[in-house]
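Biologist: I would like to learn how to read a model like this one, feature by feature. Could you walk me through it?

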Amino acid sequence: MYNIGEIKLKKFTDGRGDLTPVEGKQDIPFEIKRVYYLYNVGAGIERGKHSHRKLHQVLVCLNGSVCIKVENTLETKSVLLDDPCKGMYIGPLVWREMYDFSDDAVLLVFASEYYDENDYIRDYDEFLVEAGELFHE
Ligand code: TYD
């Protein structure tokens, strides 16, 4: 799916537990400039509901589970993140919504750029216009 993909992260397991490393441009396709995480998200809460113009992100659910719905104007799909080794890549001009956070969910996000409110498209109709231009140039 355009600008959306699954990234399988490595896992080193021994008698002491599991370890997953994430290196920019090695394990994920960009240099990491920012990391943030969502947690203590209440039942029934939906987050996201925006797109980015230039930002690349990889989402990993470190604990618990969360559903991510993505749309690129051509296709829509929902992905369950419930494994700390499963990364979800979301590139520019993809609408995303996060929902069904389990009580114990911790959603980690690696981002390619510093926080920039101007990179957000928070209006769905505006997203359809900007993303639609990608496929009708
Ligand atoms: P918001 O974009 O509403 O979160 P979500 O899309 O997950 O629902 O962000 C919530 C607040 O956090 C908002 O005031 C902006 C701030 N924020 C930062 O300061 N830096 C960041 O890297 C992010 C992602 C958000």
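Modeller: Gladly, and let us begin at the ligand: a polar side-chain atom of R122 lies 3.3 Å from one of the ligand's oxygen atoms. The general idea is the polar contact, a pair of N or O atoms within 3.5 Å; within protein, one must be able to donate a hydrogen and the other to accept it, and residues adjacent in sequence count only if both atoms are side-chain atoms. Before we go on, note that this is a predicted model, where local features need pLDDT of at least 70 and side-chain atom pairs count only at pLDDT 80 or more, while totals for chains, interfaces and linings use all residues. Residues are numbered from 1 along each chain as its sequence is written, and side-chain values use heavy atoms, with hydrogens and water left out.

Biologist: At what distance from an oxygen atom of the ligand does a polar side-chain atom of R34 lie?

Modeller: For R34 the distance is 2.4 Å, and for R47 a polar side-chain atom lies 3.1 Å from a ligand oxygen. As for cover, the ligand has 540 Å² of accessible area on its own, and the protein covers 59% of that. Such areas come from the Shrake-Rupley method with a 1.4 Å probe; for residues, only the protein chains shown count as cover.

Biologist: Which residues surround the ligand?

Modeller: A residue is near a molecule or strand if one of its heavy atoms lies within 4 Å of it. Here the shell consists of R34, Y36, L38, R47, G48, H50, Y115, Y120 and R122. By class, four of them are nonpolar, two polar and three charged. In this scheme Ala, Val, Leu, Ile, Met, Phe, Trp, Tyr, Cys and Pro are nonpolar, Asp, Glu, Lys and Arg charged, and the others, Gly among them, polar. Strands β4 (34-39) and β5 (47-52) each supply at least two residues of this shell.

Biologist: How many helices and strands are there in the protein?

Modeller: Helices (H or I, at least four residues) and strands (E, at least two) are DSSP runs, numbered from the N terminus. This protein has one helix and 12 strands, and the helix comes at the end of the order β-β-β-β-β-β-β-β-β-β-β-β-α. The radius of gyration is 15 Å, close to the 14 Å that the globule rule gives for 137 residues, so the protein is as compact as a globular protein of that length. That radius is taken over C-alpha atoms, and the rule is 2.2 Å times the number of residues to the power 0.38.

Biologist: Let us return to the shell. Is H50 buried or exposed?

Modeller: Buried means under 20% relative accessible area, exposed over 50%, and partly exposed in between (1.4 Å probe, protein chains only). With 9%, H50 is buried; it sits in strand β5. Its side chain reaches the backbone oxygen of G48 at 3.2 Å. Contact means heavy atoms within 4.5 Å, and beyond four places in sequence H50 touches V94, W95, R96, Y120, I121 and R122.

Biologist: And where does Y120 lie?

Modeller: Y120 belongs to strand β12 and counts as buried at 12% relative accessibility. Its contacts beyond four places in sequence are H50, S51, H52, R53 and Y115. From Y120 to R53 it is 67 residues in sequence, but 6.4 Å in space, C-alpha to C-alpha.

Biologist: Which residues of helix α1 are buried?

Modeller: An α-helix has 3.6 residues a turn, so residues three or four places apart point the same way. In α1 (residues 124-134), F127, E130, A131 and G132 are buried. Their cover includes β5, β7 (66-71), β10 (95-99) and β12 (120-121). At the start of α1, a side-chain oxygen of D123 comes within 3.3 Å of the backbone nitrogen of D125.
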